[in-house]
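Here is a short report on how side chains pack and pair in one protein model. Look at the structure first, then read on.

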Amino acid sequence: MSDGSAKVWPGEDFKMDSLESEETPECKDTVKDDQETTADSSPEPGAEPEAATPSCPANHIYVLDPIAVRRMTNPVTARQRGETQTRLRDLLLQHQHLASPYPLRPYPADMAQRWKKLRSKFPNFSEVLDLLEKRYALALLRRDTPVSFPPLLLLGDPGVGKTAFSKALSKEIGLFYGEIQMSGLTEAFTISGLDVGWSSGNPGRVFEYVSAARHANPLLLLDEFDKCSQGGSGGDPHAPFHVLLERHSAQHFEDMAIRLPADMRWINWVATANEPLAIPASLLSRFRRIVVPKPSRTQMTAVINSVYEEKRDSVTNGDLFARKLDQSIVELLLDLTPRAVGLVIEEAMGACAKRSRRGRLLRITPGDVFLPKSHEQRRIGFFPN
(Lines give C-alpha, C1' and ligand atoms only; values in the text may rest on other atoms or scores of the structure.)
Protein backbone atom coordinates (compact mmCIF):
# COMPACT_ATOMS: atom_id res chain seq x y z
CA MET A 1 0.00 0.00 0.00
CA SER A 2 1.23 3.50 -0.80
CA ASP A 3 2.23 5.61 2.19
CA GLY A 4 1.86 8.91 0.35
CA SER A 5 5.36 10.26 1.01
CA ALA A 6 5.25 13.66 2.63
CA LYS A 7 7.69 16.42 3.47
CA VAL A 8 7.72 19.11 6.13
CA TRP A 9 9.05 22.63 5.68
CA PRO A 10 10.20 24.43 8.84
CA GLY A 11 7.88 27.44 8.93
CA GLU A 12 9.46 28.47 12.21
CA ASP A 13 11.50 26.47 14.71
CA PHE A 14 9.81 23.21 13.65
CA LYS A 15 12.45 21.14 11.54
CA MET A 16 6.33 24.56 6.92
CA ASP A 17 -12.86 29.71 1.68
CA SER A 18 -12.28 33.05 1.57
CA LEU A 19 -11.43 35.08 4.60
CA GLU A 20 -14.45 36.08 6.61
CA SER A 21 -14.64 39.35 8.49
CA GLU A 22 -16.68 37.85 11.28
CA GLU A 23 -15.70 37.61 14.94
CA THR A 24 -13.34 34.74 15.76
CA PRO A 25 -15.57 31.71 16.31
CA GLU A 26 -16.19 30.40 19.79
CA CYS A 27 -14.33 27.16 20.44
CA LYS A 28 -17.51 25.50 21.59
CA ASP A 29 -18.95 25.83 18.08
CA THR A 30 -16.27 23.77 16.39
CA VAL A 31 -17.61 20.27 16.97
CA LYS A 32 -20.94 18.65 16.18
CA ASP A 33 -23.33 18.47 19.09
CA ASP A 34 -24.17 14.87 18.35
CA GLN A 35 -20.58 13.54 18.38
CA GLU A 36 -20.97 12.60 22.07
CA THR A 37 -23.65 10.11 21.16
CA THR A 38 -21.38 7.95 18.98
CA ALA A 39 -20.80 4.38 20.11
CA ASP A 40 -17.16 4.85 21.08
CA SER A 41 -17.61 8.14 22.93
CA SER A 42 -20.91 7.61 24.75
CA PRO A 43 -20.84 8.18 28.53
CA GLU A 44 -20.79 5.24 30.87
CA PRO A 45 -24.08 4.21 32.49
CA GLY A 46 -24.69 6.24 35.61
CA ALA A 47 -22.12 8.89 34.70
CA GLU A 48 -22.91 12.44 35.73
CA PRO A 49 -23.87 14.88 32.98
CA GLU A 50 -20.83 16.74 31.64
CA ALA A 51 -20.45 20.49 31.37
CA ALA A 52 -20.58 22.28 28.03
CA THR A 53 -17.34 22.73 26.13
CA PRO A 54 -15.59 25.79 27.63
CA SER A 55 -14.80 28.83 25.53
CA CYS A 56 -11.20 29.77 24.73
CA PRO A 57 -9.20 32.93 23.93
CA ALA A 58 -9.69 34.96 20.77
CA ASN A 59 -7.97 33.54 17.69
CA HIS A 60 -7.96 30.03 19.16
CA ILE A 61 -10.15 27.01 18.47
CA TYR A 62 -10.61 23.49 19.72
CA VAL A 63 -9.58 21.11 16.95
CA LEU A 64 -10.99 18.24 19.03
CA ASP A 65 -13.78 18.49 21.59
CA PRO A 66 -12.05 18.46 25.02
CA ILE A 67 -14.96 16.76 26.78
CA ALA A 68 -15.10 13.90 24.28
CA VAL A 69 -11.32 13.48 24.41
CA ARG A 70 -11.36 13.46 28.22
CA ARG A 71 -14.01 10.78 28.26
CA MET A 72 -12.36 8.62 25.60
CA THR A 73 -8.96 8.77 27.33
CA ASN A 74 -10.37 7.51 30.61
CA PRO A 75 -8.09 4.50 31.38
CA VAL A 76 -10.81 2.49 33.12
CA THR A 77 -13.25 2.91 30.25
CA ALA A 78 -10.57 2.02 27.68
CA ARG A 79 -9.63 -1.20 29.45
CA GLN A 80 -13.26 -2.23 29.81
CA ARG A 81 -13.86 -1.82 26.08
CA GLY A 82 -10.88 -3.83 24.91
CA GLU A 83 -7.65 -3.57 22.95
CA THR A 84 -8.94 -1.32 20.16
CA GLN A 85 -10.28 1.24 22.63
CA THR A 86 -6.97 1.15 24.51
CA ARG A 87 -5.10 1.87 21.25
CA LEU A 88 -7.50 4.72 20.53
CA ARG A 89 -6.90 6.14 24.01
CA ASP A 90 -3.12 6.02 23.50
CA LEU A 91 -3.50 7.74 20.14
CA LEU A 92 -5.66 10.52 21.57
CA LEU A 93 -3.17 11.08 24.37
CA GLN A 94 -0.47 11.68 21.73
CA HIS A 95 -2.62 14.42 20.21
CA GLN A 96 -4.39 15.74 23.30
CA HIS A 97 -3.00 19.25 22.73
CA LEU A 98 -5.63 19.51 19.96
CA ALA A 99 -8.27 19.42 22.72
CA SER A 100 -6.77 22.56 24.30
CA PRO A 101 -7.13 26.10 22.88
CA TYR A 102 -5.22 25.89 19.61
CA PRO A 103 -3.94 29.16 18.08
CA LEU A 104 -4.73 30.61 14.68
CA ARG A 105 -1.64 32.30 13.27
CA PRO A 106 -2.03 35.95 12.11
CA TYR A 107 0.06 37.67 9.44
CA PRO A 108 3.52 38.96 10.45
CA ALA A 109 3.65 42.68 11.27
CA ASP A 110 6.01 43.33 8.33
CA MET A 111 3.95 41.41 5.78
CA ALA A 112 3.87 44.32 3.33
CA GLN A 113 7.64 43.98 2.85
CA ARG A 114 7.35 40.21 2.59
CA TRP A 115 4.93 40.50 -0.34
CA LYS A 116 7.54 42.60 -2.16
CA LYS A 117 10.16 39.95 -1.47
CA LEU A 118 7.92 37.23 -2.91
CA ARG A 119 7.21 39.31 -6.03
CA SER A 120 10.91 39.84 -6.56
CA LYS A 121 11.73 36.13 -6.26
CA PHE A 122 8.71 34.84 -8.19
CA PRO A 123 7.86 37.43 -10.87
CA ASN A 124 5.74 34.94 -12.84
CA PHE A 125 3.40 34.48 -9.83
CA SER A 126 1.96 37.98 -9.99
CA GLU A 127 -1.64 36.78 -10.44
CA VAL A 128 -1.38 34.51 -7.40
CA LEU A 129 0.16 37.26 -5.31
CA ASP A 130 -2.51 39.75 -6.43
CA LEU A 131 -5.18 37.43 -5.03
CA LEU A 132 -3.31 36.79 -1.78
CA GLU A 133 -2.63 40.47 -1.17
CA LYS A 134 -6.35 41.22 -1.50
CA ARG A 135 -7.04 38.63 1.22
CA TYR A 136 -4.34 40.26 3.30
CA ALA A 137 -6.03 43.64 2.85
CA LEU A 138 -9.25 42.15 4.21
CA ALA A 139 -7.37 40.76 7.19
CA LEU A 140 -6.01 44.22 8.03
CA LEU A 141 -9.55 45.44 8.70
CA ARG A 142 -9.40 43.76 12.11
CA ARG A 143 -6.32 43.33 14.26
CA ASP A 144 -4.75 39.85 14.44
CA THR A 145 -7.11 38.30 11.90
CA PRO A 146 -5.87 34.76 11.18
CA VAL A 147 -4.22 33.97 7.84
CA SER A 148 -6.88 32.49 5.58
CA PHE A 149 -7.18 32.24 1.81
CA PRO A 150 -9.31 30.10 -0.53
CA PRO A 151 -7.99 26.77 -1.85
CA LEU A 152 -5.58 27.51 -4.72
CA LEU A 153 -4.87 25.27 -7.68
CA LEU A 154 -1.64 26.33 -9.42
CA LEU A 155 -1.61 25.09 -12.99
CA GLY A 156 1.28 25.23 -15.43
CA ASP A 157 4.11 23.40 -17.12
CA PRO A 158 6.49 21.30 -15.01
CA GLY A 159 9.38 23.23 -13.53
CA VAL A 160 7.89 26.75 -13.46
CA GLY A 161 8.31 27.00 -9.68
CA LYS A 162 4.90 26.03 -8.26
CA THR A 163 6.26 23.93 -5.39
CA ALA A 164 9.12 26.33 -4.63
CA PHE A 165 6.65 29.22 -4.49
CA SER A 166 4.40 27.35 -2.05
CA LYS A 167 7.33 26.69 0.30
CA ALA A 168 8.47 30.31 0.13
CA LEU A 169 4.92 31.56 0.71
CA SER A 170 4.52 29.52 3.89
CA LYS A 171 7.87 30.74 5.16
CA GLU A 172 7.12 34.42 4.53
CA ILE A 173 3.61 34.24 6.02
CA GLY A 174 4.97 32.33 9.02
CA LEU A 175 2.86 29.20 8.62
CA PHE A 176 3.85 25.57 9.11
CA TYR A 177 4.35 23.88 5.73
CA GLY A 178 3.26 20.32 5.04
CA GLU A 179 3.59 18.63 1.65
CA ILE A 180 1.60 15.63 0.46
CA GLN A 181 2.86 13.97 -2.71
CA MET A 182 -0.32 12.97 -4.52
CA SER A 183 1.47 11.39 -7.48
CA GLY A 184 0.90 7.65 -7.47
CA LEU A 185 -1.24 7.74 -4.34
CA THR A 186 -3.76 4.89 -4.44
CA GLU A 187 -5.55 4.88 -1.05
CA ALA A 188 -7.76 7.42 0.68
CA PHE A 189 -6.55 6.42 4.15
CA THR A 190 -3.21 8.14 3.52
CA ILE A 191 -5.24 11.35 3.70
CA SER A 192 -8.07 10.48 6.06
CA GLY A 193 -6.54 7.82 8.32
CA LEU A 194 -7.06 4.11 8.92
CA ASP A 195 -9.18 2.77 11.78
CA VAL A 196 -7.15 1.61 14.78
CA GLY A 197 -9.00 -1.69 14.61
CA TRP A 198 -6.43 -2.53 11.91
CA SER A 199 -2.91 -3.32 13.07
CA SER A 200 -1.54 -0.54 10.85
CA GLY A 201 -4.27 1.94 11.82
CA ASN A 202 -3.04 5.53 12.26
CA PRO A 203 -4.18 9.09 11.51
CA GLY A 204 -3.87 10.44 7.98
CA ARG A 205 -1.43 13.08 6.79
CA VAL A 206 -3.84 15.98 7.24
CA PHE A 207 -4.50 15.26 10.91
CA GLU A 208 -0.81 14.59 11.58
CA TYR A 209 0.25 17.87 9.99
CA VAL A 210 -2.28 19.96 11.93
CA SER A 211 -1.13 18.26 15.13
CA ALA A 212 2.54 18.94 14.32
CA ALA A 213 1.95 22.56 13.24
CA ARG A 214 1.01 23.84 16.72
CA HIS A 215 -1.42 26.19 15.02
CA ALA A 216 -4.70 25.44 13.28
CA ASN A 217 -4.11 27.23 9.97
CA PRO A 218 -1.00 25.68 8.38
CA LEU A 219 -0.31 25.76 4.65
CA LEU A 220 -0.64 22.27 3.17
CA LEU A 221 0.52 21.57 -0.38
CA LEU A 222 -1.10 18.85 -2.49
CA ASP A 223 1.67 18.32 -5.02
CA GLU A 224 0.72 16.89 -8.43
CA PHE A 225 -2.94 16.70 -7.49
CA ASP A 226 -3.77 15.49 -11.00
CA LYS A 227 -1.56 12.40 -10.86
CA CYS A 228 -3.04 10.20 -8.12
CA SER A 229 -5.05 7.06 -8.80
CA GLN A 230 -8.83 7.28 -9.14
CA GLY A 231 -9.13 4.81 -6.28
CA GLY A 232 -8.78 1.10 -5.61
CA SER A 233 -9.60 -1.11 -2.67
CA GLY A 234 -8.31 1.59 -0.31
CA GLY A 235 -10.67 4.24 -1.66
CA ASP A 236 -10.21 7.22 -3.96
CA PRO A 237 -7.43 9.54 -2.65
CA HIS A 238 -9.38 12.52 -4.01
CA ALA A 239 -12.51 11.65 -1.98
CA PRO A 240 -11.58 13.23 1.39
CA PHE A 241 -11.06 16.59 -0.27
CA HIS A 242 -14.77 16.90 -1.03
CA VAL A 243 -15.03 17.48 2.73
CA LEU A 244 -11.73 19.22 3.43
CA LEU A 245 -11.98 21.93 0.76
CA GLU A 246 -15.35 23.25 1.99
CA ARG A 247 -15.21 25.24 5.22
CA HIS A 248 -18.60 24.15 6.53
CA SER A 249 -17.80 20.44 6.13
CA ALA A 250 -14.09 20.69 7.03
CA GLN A 251 -15.19 21.95 10.45
CA HIS A 252 -16.38 18.39 11.18
CA PHE A 253 -13.78 16.32 9.31
CA GLU A 254 -13.45 12.88 10.88
CA ASP A 255 -10.15 11.06 10.62
CA MET A 256 -10.89 7.35 10.59
CA ALA A 257 -8.27 6.58 13.26
CA ILE A 258 -9.36 9.32 15.68
CA ARG A 259 -13.13 8.64 15.49
CA LEU A 260 -13.97 12.21 16.48
CA PRO A 261 -14.86 15.25 14.35
CA ALA A 262 -11.88 17.59 13.97
CA ASP A 263 -12.03 21.26 12.97
CA MET A 264 -9.92 21.52 9.81
CA ARG A 265 -11.64 24.52 8.24
CA TRP A 266 -8.70 26.90 8.78
CA ILE A 267 -6.16 24.93 6.74
CA ASN A 268 -4.76 26.97 3.84
CA TRP A 269 -4.67 24.67 0.80
CA VAL A 270 -2.43 24.94 -2.26
CA ALA A 271 -2.52 22.25 -4.96
CA THR A 272 -0.34 21.96 -8.05
CA ALA A 273 -1.19 20.26 -11.34
CA ASN A 274 -0.25 20.09 -15.00
CA GLU A 275 -3.49 18.56 -16.38
CA PRO A 276 -6.66 19.96 -14.78
CA LEU A 277 -8.87 17.58 -16.79
CA ALA A 278 -7.43 14.70 -14.72
CA ILE A 279 -9.00 16.21 -11.58
CA PRO A 280 -12.69 15.45 -10.84
CA ALA A 281 -14.93 18.36 -11.81
CA SER A 282 -16.51 18.31 -8.36
CA LEU A 283 -13.12 19.21 -6.88
CA LEU A 284 -12.06 21.68 -9.56
CA SER A 285 -15.04 23.83 -8.61
CA ARG A 286 -13.71 24.09 -5.05
CA PHE A 287 -10.41 25.70 -6.13
CA ARG A 288 -9.41 29.14 -7.30
CA ARG A 289 -7.52 28.10 -10.44
CA ILE A 290 -4.55 30.13 -11.66
CA VAL A 291 -2.30 29.29 -14.61
CA VAL A 292 1.32 30.11 -13.78
CA PRO A 293 3.28 31.03 -16.93
CA LYS A 294 6.91 30.25 -17.57
CA PRO A 295 9.00 33.32 -16.64
CA SER A 296 9.97 35.60 -19.51
CA ARG A 297 13.66 36.05 -20.28
CA THR A 298 13.54 39.38 -18.46
CA GLN A 299 11.95 37.79 -15.41
CA MET A 300 14.38 34.87 -15.48
CA THR A 301 17.25 37.10 -14.36
CA ALA A 302 15.47 37.70 -11.05
CA VAL A 303 14.49 34.02 -10.81
CA ILE A 304 18.06 32.80 -11.40
CA ASN A 305 19.47 35.13 -8.76
CA SER A 306 16.75 34.03 -6.34
CA VAL A 307 17.50 30.35 -6.95
CA TYR A 308 21.22 30.96 -6.44
CA GLU A 309 20.50 32.76 -3.16
CA GLU A 310 18.41 29.81 -1.99
CA LYS A 311 21.17 27.36 -2.94
CA ARG A 312 23.75 29.37 -0.99
CA ASP A 313 21.52 28.92 2.06
CA SER A 314 20.73 25.23 1.57
CA VAL A 315 23.76 23.54 -0.05
CA THR A 316 26.53 22.30 2.24
CA ASN A 317 29.03 25.17 2.78
CA GLY A 318 27.08 27.32 0.35
CA ASP A 319 27.96 30.40 2.40
CA LEU A 320 31.55 30.10 1.08
CA PHE A 321 30.37 31.16 -2.40
CA ALA A 322 30.14 34.71 -3.73
CA ARG A 323 26.89 36.44 -2.82
CA LYS A 324 26.03 37.17 -6.46
CA LEU A 325 26.31 35.18 -9.68
CA ASP A 326 28.36 36.66 -12.46
CA GLN A 327 26.22 37.96 -15.32
CA SER A 328 27.93 35.52 -17.69
CA ILE A 329 26.44 32.64 -15.68
CA VAL A 330 23.00 34.23 -15.65
CA GLU A 331 23.11 34.50 -19.45
CA LEU A 332 23.83 30.78 -19.75
CA LEU A 333 20.74 29.88 -17.71
CA LEU A 334 18.12 32.18 -19.20
CA ASP A 335 16.42 29.50 -21.33
CA LEU A 336 16.01 26.95 -18.53
CA THR A 337 12.99 26.43 -16.30
CA PRO A 338 13.34 27.52 -12.65
CA ARG A 339 13.59 23.87 -11.58
CA ALA A 340 16.36 23.16 -14.09
CA VAL A 341 18.20 26.30 -12.95
CA GLY A 342 18.35 24.91 -9.42
CA LEU A 343 19.77 21.60 -10.58
CA VAL A 344 22.40 23.23 -12.81
CA ILE A 345 23.49 25.72 -10.11
CA GLU A 346 23.86 23.00 -7.48
CA GLU A 347 26.01 20.92 -9.83
CA ALA A 348 28.06 23.99 -10.76
CA MET A 349 28.73 24.72 -7.08
CA GLY A 350 30.13 21.23 -6.70
CA ALA A 351 32.32 21.62 -9.79
CA CYS A 352 33.56 24.97 -8.52
CA ALA A 353 34.41 23.54 -5.10
CA LYS A 354 36.31 20.65 -6.70
CA ARG A 355 38.69 22.91 -8.66
CA SER A 356 39.12 25.64 -6.04
CA ARG A 357 41.57 26.04 -3.18
CA ARG A 358 40.45 26.21 0.41
CA GLY A 359 40.29 29.61 2.05
CA ARG A 360 39.27 31.48 -1.09
CA LEU A 361 35.88 32.92 -1.93
CA LEU A 362 34.26 30.53 -4.38
CA ARG A 363 32.91 31.95 -7.61
CA ILE A 364 31.17 29.90 -10.31
CA THR A 365 32.66 30.27 -13.79
CA PRO A 366 31.23 29.23 -17.19
CA GLY A 367 33.49 26.16 -17.09
CA ASP A 368 31.61 24.92 -14.00
CA VAL A 369 28.23 25.02 -15.73
CA PHE A 370 26.95 21.89 -17.45
CA LEU A 371 23.66 22.50 -19.23
CA PRO A 372 21.12 19.83 -20.13
CA LYS A 373 22.18 18.48 -23.55
CA SER A 374 19.21 19.87 -25.50
CA HIS A 375 19.77 23.40 -24.18
CA GLU A 376 23.49 23.23 -24.83
CA GLN A 377 22.88 22.23 -28.44
CA ARG A 378 20.40 25.07 -28.99
CA ARG A 379 22.83 27.55 -27.46
CA ILE A 380 25.58 26.69 -29.97
CA GLY A 381 23.27 26.57 -32.96
CA PHE A 382 22.22 22.90 -33.23
CA PHE A 383 18.93 21.17 -32.69
CA PRO A 384 18.46 17.91 -30.78
CA ASN A 385 17.59 14.82 -32.78
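A residue is buried when its relative accessible area is under 20%, exposed when that area is over 50%, and partly exposed in between (1.4 Å probe, protein chains only). The model is predicted, so local features need pLDDT of at least 70 and side-chain atom pairs count only at pLDDT 80 or more, while totals for chains, interfaces and linings use all residues. Residues are numbered from 1 along each chain as its sequence is written, and side-chain values use heavy atoms, with hydrogens and water left out.

## Nonpolar cores

Start with the inside. A nonpolar core is a set of buried Ala, Val, Leu, Ile, Met, Phe, Trp, Tyr and Cys residues joined through side-chain atoms within 4.5 Å. The largest such core has 50 residues. Within that core, Leu 64, Phe 241 and Met 264 touch the most other members. Several elements each supply at least two residues, among them helix H1 (66–72), helix H3 (83–94), strand S4 (152–155) and helix H8 (205–213). Helices and strands here are DSSP runs, numbered from the N terminus (helices: H or I, at least four residues; strands: E, at least two). H8 gives the most to this core, with 5 residues.

What does Met 264 touch, not counting residues up to four places away in sequence? Its partners are Val 63, Val 206, Phe 207, Val 210, Leu 244, Ala 250, Gln 251 and Phe 253. Contact means heavy atoms within 4.5 Å. There is also a second, separate core of 28 residues, which includes Trp 115, Phe 149, Ile 173 and Val 292.

## Aromatic rings

A pair of aromatic rings is described by the distance of the centres and the angle of the planes. Rings of Phe, Tyr and Trp (its six-membered ring) pair if their centres lie within 6.5 Å; planes under 30 degrees apart count as stacked, over 60 as edge-to-face and the rest as tilted. The whole structure holds 9 aromatic pairs.

Take Phe 122 and Phe 165. Their ring centres are 5.4 Å apart and their planes stand at 85°, so this pair is edge-to-face. The two residues are 43 apart in the chain: Phe 122 is in the loop between helix H4 (111–121) and helix H5 (126–139), and Phe 165 is in helix H6 (residues 162–173). Both Phe 122 and Phe 165 are buried.

Now take Phe 176 and Tyr 209. The centres are 5.9 Å apart and the planes lie at 55°, so this pair is tilted. Phe 176 sits in the loop between H6 and strand S5 (177–181), and Tyr 209 in helix H8, 33 residues apart. Phe 176 and Tyr 209 are buried.

Four rings also form one aromatic cluster: Phe 225, Phe 241, Trp 269 and Phe 287. The charged end of Arg 247 sits over the ring of Trp 266, 4.6 Å from its centre. For this, NZ of Lys or CZ of Arg must be within 6 Å of the ring centre and within 35 degrees of the ring normal.

## Salt bridges

A salt bridge is a side-chain nitrogen of Lys or Arg within 4 Å of a carboxyl oxygen of Asp or Glu. The structure holds 17 of them.

| Salt bridge | N to O distance |
|---|---|
| Lys 227 and Asp 226 | 3.4 Å |
| Asp 326 and Arg 363 | 3.5 Å |
| Arg 355 and Asp 368 | 2.8 Å |

How open are these side chains? Lys 227 is partly exposed, at 34% relative accessibility. Asp 326 is partly exposed at 28%, and Arg 363 is partly exposed at 38%. Arg 355 is partly exposed at 46%, whereas Asp 368 is buried at 3%. Salt bridges that share partners join Asp 110, Arg 114, Lys 117 and Glu 172 into one network.

## A buried charge without a bridge

Arg 312 is found in helix H12. Arg 312 is buried yet has no salt bridge. Which side chain of opposite charge is nearest to Arg 312? It is Asp 313, 5.0 Å away. Lys and Arg count as positive and Asp and Glu as negative; His and the chain ends are not counted.
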